[in-house]
Amino acid sequence: AFLCPAARVLLCVRVVCLRGVFAVRSSSKMKRGKKTEEAAAADGENDSGSASAKKPKKTKEPEAPILYEDPPDKMTSKDGRSANMKITSWNVDGLRAWVKKGGLDWVREEAPDVLCLQETKCAEKDLPAEITSMPEYPHKYWAVSDDKEGYSGVAMLSKTEPLKVTYGIGKEEHDKEGRVITAEFPTFFLVTAYVPNASRGLVRLDYRKTWDVDFQAYLTELDVQKPLVLCGDLNVAHQEIDLKNPKGNKKNAGFTPEEREGFSQLLAAGFVDSFRELYPEQANAYTFWTYMMNSRAKNVGWRLDYFLLSSSLVPGLCDSKIRNKAMGSDHCPITLHLAV
């Protein structure tokens, strides 16, 4: 249709006005949208920034080791008697090295009436003069391995002379390894023993089971004559409380069901674990730590060293100590206070 000039002008003005309106509205929307995006981006920066930014990994701090503090010595028995016999037992893991590490200095401070040592690994001809000439212990007894030099071996050093001293348990297959010394005193027998280890891969487990039966029979025969104290490295952690990692060691030497049962049978025969008698719930109390993996500092250990008593001696039990601060071996010494 034909439009006059005036109408054309009016139409152009309307179109321009409409464009302006749309432009303003569009611009307003864009601004609002931009602000919304910016706000979302700002919020997202806080959220996604905290989520996406890599947090420094929290390094798990190693657990502080739970150590055992040996309490003050109790010098009175349950029946009111004062301790008059002090016995110390220590697996020295090589007598000559132990002497060089100052083991005898500690012994002089502890000053037991009788000192029992296990795993001396030393032929009698090679014994260090520092120990053979000790005036504090004029009565010294040594058992060594006949088969292998530098293997096994036990010793007993006493301030007073025993009535009688014997070696072994009367069975050749066991006695050739120098594992037992028995001293008879007026009111009791003292037996020190280094019990055979079932060894890596449990290659000696069957032998160990035979030993347990024969050794129990030997102790029972003694007990008929006179009550006894058995001390030494018995190479078994009896219960789960007696080692740091029971779950991982059930198939390892020292914690197999067979070895633990052998110890249970010994207790059932009338002998008492003196430490557990006094401290039945005490955990983290160990006497052996492997040299590997800083085990001693972490207190990842085993209780392998014991004083067992005939039940008739228990009323005179004063204290059973774990001297875990004494160094010089992969075992620490243990001390018994007894009223006899």
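This is a predicted model: local features need pLDDT of at least 70, side-chain atom pairs count only at pLDDT 80 or more; totals for chains, interfaces and linings use all residues.
Residues are numbered from 1 along each chain as its sequence is written, and side-chain values use heavy atoms, with hydrogens and water left out. I took helices (H or I, at least four residues) and strands (E, at least two) as DSSP runs, numbered from the N terminus.

**Helix α7**

I looked up which residues of α7 are buried (under 20% relative accessible area, with exposed meaning over 50% and partly exposed in between, for a 1.4 Å probe and protein chains only) and found E259, R260, G262, F263 and L266. Seen down the axis of α7, these buried residues fall within an arc of 155°, so they line one face of the helix; the arc is taken over the directions from the helix axis to the C-beta atoms. The face turned away from the buried side carries the exposed residues P257 and A268. Among the elements that cover the buried residues of α7 I listed α6 (205-225), β8 (228-233), β9 (271-273) and β10 (305-310). Just after the helix, I saw that G270 takes a positive phi of about 115°.

**Nonpolar cores**

I then turned to the nonpolar cores, meaning sets of buried Ala, Val, Leu, Ile, Met, Phe, Trp, Tyr and Cys residues joined through side-chain atoms within 4.5 Å. The largest has 32 residues, of which I87, V114, F188, L190, V229 and L336 touch the most other members, and its largest share, three residues, comes from strand β12 (residues 334-338). Apart from it lies another core, of 21 residues, including V195, L230, L266 and F271.

For V114 I looked up contacts (heavy atoms within 4.5 Å) beyond its neighbours within four places in sequence, and these include I87, T88, M156, F185 and L190. T88 lies in strand β1 and is buried, with a relative accessible area of 0%. Its side chain makes a polar contact of 2.8 Å with the side chain of T335, where such a contact is a pair of N or O atoms within 3.5 Å, one able to donate a hydrogen and the other to accept it within protein, and residues adjacent in sequence count only if both atoms are side-chain atoms.

**Salt bridges**

I found that the structure holds 25 salt bridges, each a side-chain nitrogen of Lys or Arg within 4 Å of a carboxyl oxygen of Asp or Glu. K325 pairs with E69, the closest N and O atoms being 3.2 Å apart, and this links the loop between β11 (317-322) and β12 to the loop between α1 (5-52) and β1 (85-91), 256 residues apart. K325 counts as exposed at 59% relative accessibility, and E69 counts as exposed at 55%.

I compared this with R303 and D273, whose side chains meet at 2.6 Å, N to O: R303 counts as buried at 1% relative accessibility, and D273 is buried with a relative accessible area of 7%.
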